[in-house]
Number of protein chains: 2
Amino acid sequence: MLGICEIGTYISHNKISNFDKKEQFEINDIFIKEKIGFQSLSKSLDDEKTSTMCLKAFEKIKNKIDLTTIDCLVLISQNPDVKIPHTSAILHKELNLSSNCACFDIGLGCSGYVYGLSIILSFMQNNGLRNGLLFTCDPYRKIIDNNDKNTSLLFGDGASVSYISKDYKYKAKSFKFGTNGSKYENIFCEKDTLFMNGRGVFDFSATTIPKHILDFLEEEKISIDNIDRFILHQGSKYIIDTIRQRLKIDKEKIPFKANLYGNTVSSSIPILLEDEFQSKECYNNILISGFGTGLSWASAILQRKNNAN
Amino acid sequence: MLGICEIGTYISHNKISNFDKKEQFEINDIFIKEKIGFQSLSKSLDDEKTSTMCLKAFEKIKNKIDLTTIDCLVLISQNPDVKIPHTSAILHKELNLSSNCACFDIGLGCSGYVYGLSIILSFMQNNGLRNGLLFTCDPYRKIIDNNDKNTSLLFGDGASVSYISKDYKYKAKSFKFGTNGSKYENIFCEKDTLFMNGRGVFDFSATTIPKHILDFLEEEKISIDNIDRFILHQGSKYIIDTIRQRLKIDKEKIPFKANLYGNTVSSSIPILLEDEFQSKECYNNILISGFGTGLSWASAILQRKNNAN
């Protein structure tokens, strides 16, 4: 049985303040603090590509990993370094991994970490692989129009790496996935500039996701009260607040922590999970849920070792 | 147990002849027929995007599939329709699939079909999914410099879809994967133009791949004589001939059939496999092997139903 042993993350140190944009977008402090919830955004620097940010995340956990044993490397990104090759091959070079290491990229957005966790666990288990690295990184800085209120107040740049092996802290009990391609135009980037229909994305997050989570818990025969933490994609504070109210979850169980760096796309869940891994409090059941571009969504229940049902 | 039930493919009807380029590149008929082996190349039209070519491949098998039952859709491509969303979500819309269908893209090149087969089979089995579609499509036309001899004589545009379910014709017995990121610059495209070091790619194909196939067969305890067909990525006729000679395989067991359409990247293996699925001859053991950008390689042994070991 494989699971998540360690998580390392990186959030770009370069910050811009959303308070500086109050005049430009005719917004006030309450809108910034309570609605979007992002007071500042992390922005990657020119020399921070997807691969370099992934390597900075890896620095945080490198002392715990024997790179000669890594036999699988997967990257979730819709912003690869280059068109060809896959960026996971570039990471393979930079980490000087063995030639028997399987590498591939997965193209997904905000649902990507949950999908990627299922994909890497399934792939490794079925192929007898033992030690894997699951990276996420989507530096949106390059595709944001700074004059677009719908996107320029939201996204921050970060990266994560999850070390997958047998001495895990959390295993994935089960997953549930969904797609509504008919609404893909709500989050769209042909080449260079991200477009987002904020109302459409909010409606999707506020209706599809609570129902999906309830259906998932019912299928898994787990009471919502038995979930100790809900680590949801940090799309905005208002989205988290709305889902919390609709599911009637206690506020302390469903954190919003992205207020100083922004929506980091596929890295938002592992950045919060890293805190849980380092916390002295041991939560037995964590539900993670990612949702966004596609429209796509995915949830999983993580269970702490020795407390698995 | 899941396996491959049906394969549909599409090769762009628009053809260009390599004989017309003899003067431009100072090449002769023997070079075209015996070395690269591609007499003509299929080139996608302006209105043929990755998703539209995938849908044309799907047309070939649509009568055998109940779309309401599809719960997984995966696309292998390094040339998605747009940056965001994943092209599999666009296919989800076009095929009007159910909201419980998991969709994601995988970024890989010529090794992509073999990787993709393992990824979709593992993911579906571990998540209890039943009916999947695995697409491949990489229209390189848009990234080829027509004045570059190293690339403009080689690549053709095609697509494929493999229907994955329980009533399969072939199951995948086992897989083996490899990566050499330190040589990724041998096949490189930053944004718009493909670069290829032909000598570097040939050396890789002629040395790494035969050894990898022999190692794989030894690990699986299968004699090379017990493999009935070797369906290899159709990089060029010279690459297939060289691997055949190094492995001492009978010519009729290791076909080169891409002479009239070119190297279709991740679609080259399923295009040949389609012939095997439709053939009256029933081969029990087929070895498939893909290799290219990354540098990346992957092989699998497919076994016909009712003849599995």
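**Entry 1: A:Ile288**

I began with the contacts of A:Ile288, where contact means heavy atoms within 4.5 Å. Setting aside neighbours within four places in sequence, I found A:Ile288 in contact with A:Tyr113, A:Val114, A:Leu117, A:Ile231, A:Ile269, A:Leu273, A:Ala298, A:Ser299, A:Ala300 and A:Leu302. I note here that the model is predicted, that local features need pLDDT of at least 70, that side-chain atom pairs count only at pLDDT 80 or more, and that totals for chains, interfaces and linings use all residues. Residues are numbered from 1 along each chain as its sequence is written, chains are lettered from A and ligands numbered from 1 in the order in which they are written, and side-chain values use heavy atoms, with hydrogens and water left out.

I placed A:Ile288 in strand S12 of chain A, residues 285-292. Helices (H or I, at least four residues) and strands (E, at least two) are DSSP runs, numbered from the N terminus. A:Ile288 has a relative accessible area of 0% and is therefore buried; buried means under 20% relative accessible area, exposed over 50%, and partly exposed in between, with a 1.4 Å probe and protein chains only. I also looked up A:Pro270, which is 18 residues from A:Ile288 along the chain, with 9.4 Å between the two C-alpha atoms.

**Entry 2: chain A as a whole**

I listed nine helices and 13 strands in chain A. The radius of gyration of chain A is 18 Å, close to the 19 Å from the globule rule for 309 residues, so chain A is as compact as a globular protein of that length. That radius is taken over C-alpha atoms, and the rule is 2.2 Å times the number of residues to the power 0.38. The C-alpha trace of chain A spans about 55 × 45 × 40 Å along its principal axes.

Of the 309 residues in chain A, 64% are buried. Among contacts in chain A between residues at least 6 apart in sequence, 78% join residues at least 24 apart. I recorded an accessible surface of about 11800 Å² for chain A, with 44% of it belonging to carbon and sulfur atoms. Accessible areas come from the Shrake-Rupley method with a 1.4 Å probe, and for residues only the protein chains shown count as cover.

Chain A carries 38 positive and 37 negative side chains, and the centres of the two sets lie 3 Å apart. Lys and Arg count as positive and Asp and Glu as negative, while His and the chain ends are not counted. Each charge is placed at NZ of Lys, CZ of Arg, CG of Asp or CD of Glu.

**Entry 3: chain A against chain B**

I found 51 residues from chain A and 51 residues from chain B in the contact. The two chains bury about 4100 Å² between them, 60% of it on carbon and sulfur atoms.

**Entry 4: backbone exceptions**

Most residues other than glycine have a negative phi, and most peptide bonds are trans. I therefore noted the exceptions below.

- A:Ile84 and A:Pro85 are joined by a cis peptide bond with omega of about 5°; A:Pro85 lies in the loop between strand S4 (72-76) and helix H4 (87-94) of chain A.
- A:Gly294 to A:Leu295 is also a cis peptide bond, with omega near -20°; A:Leu295 is in the loop between S12 and strand S13 (296-304) of chain A.
- A:Lys248, not a glycine, has a positive phi of about 55°. A:Lys248 is in the loop between helix H8 (237-247) and helix H9 (268-278) of chain A, and counts as exposed at 73% relative accessibility.
- B:Asn96 has a positive phi near 55°. B:Asn96 is in the loop between helix H4 (87-94) and strand S5 (102-107) of chain B, and counts as exposed at 68% relative accessibility.

**Entry 5: A:Thr50**

I located A:Thr50 in helix H3 of chain A, residues 50-59. Is A:Thr50 buried or exposed? A:Thr50 is buried, with a relative accessible area of 2%. Not counting residues up to four places away in sequence, A:Thr50 touches A:Leu75, A:Ser77, A:Asn79, A:Pro80, A:Asp81, A:Thr87, A:Cys137 and A:Pro139.

Technical notes: Buried area is the accessible area (1.4 Å probe) that two parts lose on being put together, summed over both.
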